[in-house]
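Subject: Structure for your review

Dear colleague,

Please find the structure below. My notes on what was found in it follow.

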Amino acid sequence: MAEDLVLDTAIRDWVLIPLSVVMVLIGVLRYFVSKLMRTTQLPDSKIIKEGQVIIRARNLRAAANFIPSKAFRARKLYYTNEENGLLHVPKGQGQNPQAQMLSDPNMAMDMMKKNLSMIIPQTLTFAWVNFFFSGFVAAKIPFPLTQRFRSMLQNGIDLSTVDVSYVSSRSWYFLNLFGLRGLFSLILGEENATDDTQRMMQMSGFGFDPSKSLGAEKDGLDIVQHDWVLPKFEQRAGDVLRKRLSS
Amino acid sequence: MVSKTEESQLQQLENQVENGGGGAWEYLSLVRKLKLRRSDKVLKHGLALLNDPKKRSALGPDEWNLYEQVATAALDCQCLEVAKDCIKVLQKKFPGSKRVGRLEAMLLEAKGSWDEAEKAYSSLLEDNALDQVISMRRVAMAKARGDILGAIDWLNKYLEIFMADHDAWRELAEIYVSLQMYKQAAFCYEELILSQPMIPLHHLAYADVLYTIGGLENLQTAKKYYASTIELTGGKNTRALYGICLCTSAIAQLTKGKNNEDKEISTLAAAALEKDYKQSSPDKVSLLASTLKTMKLQ
């Protein structure tokens, strides 16, 4: 394409700017809605306890050599014995998260609320953009780009002859959707709830299973070789004192 | 844990605030963030902030945090009237809040009406059994009432869930030592060494407990822990130096010289002690010499 496409200024006034403004406003609205719907979930004592057991067992593993072997053996037994050790998870009792979700309606409710506040506005805006502005070339970025960016910037226009630096309206929507996080953190403060990427991470981390890490910790403890370091310390202390005396 | 930079920052802010240089709010925020106990200063500067309507409203929603902070500090300083006023303001703003309920219970505790405070705490715990602050307050209250066994009970209940809380372990260890339950105390100190293996104070306390329990094996272990304290402190801990000497002489007494235990370190420790005494208090050197002589180290 030799000659440039001329974009109507009306497109700027009626497509580009309204789209951005609407996206920002929806983001803000979503923040407040999710703030309203958020329930403070009381942590489960069992989960907290398991977390603490893991920390303590990890400490034991890391610093095992600092306590006498008698003390270490007693603790190891306390953690790993097969009957009622702290780290021992009886077979079949490890709750899998799906079952847990089914048994606890609150959890499913929470998930649904989170999803609703995220998905509904997104589908609505997407439908709105698609309906009103499909096929618009909404903006032009002031530098040339390679062909690879076509799918990113010209979503919704199937013309291979248009220069890649033109941005279609639907692509503008996506750019806004993912690119406004910095702006939101300015408007709404650092820890705003509209952080989509973080939320997705949460979703994927949902399947976290504490019983697995308990088992891993138990295996780790089982193979720890106890080697008391204190006798070495005695020698080193002698060296330290000698140095002090000679200085 | 307070890092070095934060500590210096705090010190700087404290000096600035003490000399009337402003920055009171920053100082108070830092104290709150680091969870330090500077009740007198928090009370003084926080109250000054709260009594100045212009400054107070400039804080925005943080105003209520400040009220809470000042109320807690006032309770610590036994300024019950101030605390009562703060809590009243908070009550008006947040009726039915559990956080305010906690403050009210603490007010009752500060007044010394133990039974009412106990009741308030238990009802708060019924709502949220995992509230660490309330569980800790209950331990503190039992201790303040002189109900040491009750304190141990509560602490054990607390540690059953929050078993990685090393401060609680230290508290429990100190209580056990005060009750002369050394075996239990030793366990707690082991736990502390596990969670913070590089802090010499735990090694020292553990060695003390082992030495007090006595017996050849324990004495030998205690000696090793005194040695590790010396290593970790660079030989500057007088108590550990004495500990080594005492352990050596006690072991020699028990084995009646049959055991050819390595005596080198205790002679070194004795020499280090002598050097320290000559440096910092020359008039007590003779006392040290006679003490060491009774331990047959000189």
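In this predicted model, Leu204(B), Asp208(B) and Tyr211(B) of helix 13 of chain B meet residues of helix 15 of chain B, including Arg239(B), Leu246(B) and Cys247(B). Contact here means heavy atoms within 4.5 Å. Helices are DSSP runs (H or I, at least four residues) numbered from the N terminus.

The axes of helix 13 (residues 200-213) and helix 15 of chain B come within 11 Å and cross at roughly 25°. Helix 13 of chain B is therefore roughly parallel to helix 15 of chain B. Axes are lines fitted to C-alpha atoms, for helices over the stretch in contact, with angles running from 0 to 180 degrees between N-to-C directions. Angles under 35 degrees count as roughly parallel, over 145 as roughly antiparallel, 65 to 115 as roughly perpendicular and the rest as oblique.

Helix 15 (residues 238-255) of chain B also packs with helix 14 (residues 216-233) of chain B, their axes coming within 9 Å and crossing at roughly 155°.

Met136(B) and Val139(B) are among the residues of helix 9 of chain B in contact with helix 10 of chain B, where Trp154(B) and Tyr158(B) take part.

Over all chains the structure holds 27 salt bridges (a side-chain nitrogen of Lys or Arg within 4 Å of a carboxyl oxygen of Asp or Glu). One salt bridge joins Arg56(A) and Glu191(B), with the closest N and O atoms 2.8 Å apart. This pair crosses between chains, from helix 2 (residues 45-63) of chain A to helix 12 (residues 182-195) of chain B.

Residues are numbered from 1 along each chain as its sequence is written, and chains are lettered from A and ligands numbered from 1 in the order in which they are written. Local features need pLDDT of at least 70, side-chain atom pairs count only at pLDDT 80 or more, and totals for chains, interfaces and linings use all residues, while side-chain values use heavy atoms, with hydrogens and water left out.

Key. Helices (H or I, at least four residues) and strands (E, at least two) are DSSP runs, numbered from the N terminus.
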